[in-house]
Amino acid sequence: MSAESPVDELMSRLNLIEDQPLELRAVAFTQIHDELQQQLDGKDSFPRHG
């Protein structure tokens with residue numbers, strides 16, 4: 001089990017990506033973008049009351 005917070009985990013991933021060649025960085029950043037977008041879209045799928 002990881003003791004890192006989600007922010008710490010993201011920062012670790014970003015640091016690893018920064019050490020990669022440019023072409024691989026682009027792919028990795030796109031993957032992170034897509035994952036974060038899916039999380040945001042999932043949160044918007046709940047009905048809002050107000």
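Two salt bridges are found in this structure, which is a predicted model. One of them pairs Arg-13 with Glu-35, and the other pairs Glu-18 with Arg-25.

**The salt bridge between Arg-13 and Glu-35**

- The closest N and O atoms of Arg-13 and Glu-35 are 2.8 Å apart.

**The salt bridge between Glu-18 and Arg-25**

- In this pair, the closest N and O atoms are 4.0 Å apart, and the cut-off for a salt bridge is within 4 Å.
- Glu-18 has a relative accessibility of 44%, so this residue counts as partly exposed.
- Arg-25 is partly exposed too, and its relative accessible area is 24%.
- Partly exposed is the class between buried, under 20%, and exposed, over 50%, which is why a value of 24% does not make Arg-25 buried.

**Helices and surface**

- What kinds of elements does the protein have, helices or strands? It has two helices and zero strands.
- Helix H1 covers residues 6-18, and helix H2 covers residues 22-44.
- The protein has 50 residues, and 6% of them count as buried.

**The largest pocket**

- The largest pocket has a volume of about 210 Å³.
- Which residues line the largest pocket? They are Pro-6, Val-7, Glu-9, Leu-10, Arg-13, Ile-32, Glu-35, Leu-36 and Gln-39.
- Arg-13 and Glu-35 are among these lining residues, and they are also the two partners of a salt bridge.
- Both helices take part, as H1 and H2 each supply at least two residues of the lining.
- The largest share of the lining comes from H1, with five residues.
- By type, the lining of the largest pocket divides into five nonpolar residues, one polar residue and three charged residues.

Notes
Residues are numbered from 1 along each chain as its sequence is written. This is a predicted model: local features need pLDDT of at least 70, side-chain atom pairs count only at pLDDT 80 or more; totals for chains, interfaces and linings use all residues. Side-chain values use heavy atoms; hydrogens and water are left out. On a 1 Å grid over the protein atoms alone, a cavity is a set of points where a 1.4 Å probe fits but cannot get out, and a pocket is an open set with protein on both sides within 12 Å along at least five of seven lines; lining residues have an atom within 4 Å of a point. Grid points are joined across faces, edges and corners, and a volume is the space filled by probe spheres set on the points. Helices (H or I, at least four residues) and strands (E, at least two) are DSSP runs, numbered from the N terminus. Ala, Val, Leu, Ile, Met, Phe, Trp, Tyr, Cys and Pro count as nonpolar, Asp, Glu, Lys and Arg as charged, and the others, Gly among them, as polar. A salt bridge is a side-chain nitrogen of Lys or Arg within 4 Å of a carboxyl oxygen of Asp or Glu. Buried means under 20% relative accessible area, exposed over 50%, partly exposed in between (1.4 Å probe, protein chains only).
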